[in-house]
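Q: Hi! Could you walk me through a few helices in this one?
A: Happy to, let's bring it up.

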Amino acid sequence: MCGILAVLGCSDDSRAKRVNGEIYNHEELRKQLPNHKFRTGSDCDVIAHLYEEHGENFVDMLDGIFSFVLLDTRDNSFIVARDAIGVTSLYIGWGLDGSVWISSEMKGLNDDCEHFECFPPGHLYSSKDRAFRRWYNPPWYSEAIPSAPYDPLVLRRAFEEAVIKRLMTDVPFGVLLSGGLDSSLVASITSRYLANTKAAEQWGSKLHSFCVGLEDGIDAIEDVIYHIETYDVTTIRASTPMFLMSRKIKSLGVKWVISGEGSDEIFGGYLYFHKAPNKEEFHRETCRKIKALHQYDCLRANKSTFAWGLEARVPFLDKSFINTAMNIDPEYKMIKRDEGRIEKWILRRAFDDEERPYLPKHILYRQKEQFSDGVGYSWIDGLKAHAAKHVSDKMMLNAGNIFPHNTPTTKEAYYYRMIFERFFPQNSARLTVPGGASVACSTAKAVEWDAAWSNNLDPSGRAALGVHVSAYDNQNDLANKTPEFEKIIPMEATPLGVTIQS
């Protein structure tokens, strides 16, 4: 496993663990273990001690992101666990000799395992039972419809707390700022929290803008697929600029970044949610999207950054914040344009403070752009054109025979699949990637919301016909559009101040 490596003993030197993650409540947990001697100040040091105190039933006590293997050397039993949503990557494999393999990347398993698969988020594997069990059991997981009233201040405080707890650090860090709602809110809260600190006085505000060109992205596609380990079209589209920028961020000396992944899944921010028929379907779709995050946005954020030794922290996927947001009656999340309620309305309203604004109005109420679209429409159009040079119409005729599982339906998807299969030819590898019909990042179930979508299946937000202001059927000059820049704010415990700008 990549990440933090620690081999630590408890009071009887009988535990060893390997951990990839951050435990944000480790100081509180240490206070609950007064009789334990901690040998380091590492946040992950508490894991072995909690196991010694509570056995296998301690994982839900951890507040953070993590994947770990813990070996009990007294009987050589072990447990494996992954964080609630799957922010960190983890795979499990089985060898013909009866061995069990654990890795944060597929490439660590494909030569030694007869079968491997994604380790399910929010689960624990016990060698004693040789089985998984789900340790993460929040109320929303059953997809029952909640009924709590919407309180803007409660939602605001919950998200501020989620951001602030992720700012524990003694190394240089940054904020990913795309100019959209989610990353801008993260940047604004970070700025307020760190204002007037000693570190702020020392370092001040620093804004770096990076331009990722089309040719740079195309040249990097093979590296991206190798590191991200997927052939999903929208994930590759979004991962490529993030992968390239992570390299530049790392070169600045930044150790980790805080980012805005997860908001659209929780609040129904994707444009196809405009067509949700009722609050029940709206809520169930958000539940489905959150459960699948480990295969999409979490996969992208984790692997695009870790490819360069950079860590990503995602406050929207805080356990407590998700519980708060997913307990709200989904009627408040429903998009009602005739009432001025656009996507993610309840989040926007929660931070619409007239006396002390968090964001300018034009950012707070800007239309949603998916990350893969937001870096420039010409980026996606350029990818399609590049793929068309490598995949012929004749090749597409045999797509179902060449790739019977998750058969690619476009030349772009076929092109990515060819590269993926070259790196990961095992059947287990191709089964780790989700499939099914999708429009504007929807699940297959949500495609049923609009009959017209079945003829326009594309993960781009512009496929949300009748919703996106630059939908495919409204465009005449996409080829002339130029990419927008993704802005990266490297920080060494510094406020952002005036760096939040359009």
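A: A word on terms to begin with: helices here are DSSP runs of H or I with at least four residues, numbered from the N terminus. Also, this is a predicted model.

Q: Thanks! So where does Arg192 sit?
A: Arg192 is in helix H4, which covers residues 181-194.

Q: And what does Arg192 touch, leaving out residues up to four places away in sequence?
A: Arg192 touches Arg356, Pro357 and Tyr358. The C-alpha atoms of Arg192 and Tyr358 are 9.0 Å apart, although 166 residues separate the two along the chain.

Q: Which backbone oxygen does the Arg192 side chain reach?
A: That of Arg356, at 2.7 Å.

Q: Staying with H4, how does H3 pack against it?
A: H3 (residues 152-165) and H4 pack at an angle of about 70°, and their axes are 10 Å apart. Because angles of 65 to 115 degrees count as roughly perpendicular, H3 is roughly perpendicular to H4.

Q: Which residues meet there?
A: From H3, Phe159, Glu160, Val163 and Ile164; from H4, Leu185, Val186, Ile189, Thr190 and Tyr193. By class, this contact has 7 nonpolar residues, 1 polar and 1 charged.

Q: Switching to H6, where is its kink centred?
A: On Ile221, with a kink of about 50° in a helix spanning residues 214-228.

Q: Which residues of H6 are buried?
A: Ile221 itself is one of them, and the others are Gly217, Ile218, Ala220, Val224, Ile225 and Ile228.

Q: What comes just after H6?
A: Glu229, which takes a positive phi of about 65°.

Note on methods. Residues numbered from 1 in each chain as written. Predicted model: local features only at pLDDT ≥ 70, side-chain atom pairs only at ≥ 80, totals over all residues. Heavy atoms only, no water. Bend = angle between axes of the 7 residues up to and from the residue. Helix = DSSP H or I, 4+ residues; strand = E, 2+ residues; numbered from the N terminus. Buried < 20%, exposed > 50% of the residue type's maximum accessible area, 1.4 Å probe, protein only. Contact = heavy atoms within 4.5 Å. Polar contact = N/O pair within 3.5 Å; in protein donor to acceptor, adjacent residues only side chain to side chain. Axes fitted to C-alpha atoms, helices over the stretch in contact; angles between N-to-C directions. Parallel < 35°, antiparallel > 145°, perpendicular 65-115°, else oblique. Nonpolar A, V, L, I, M, F, W, Y, C, P; charged D, E, K, R; others polar.
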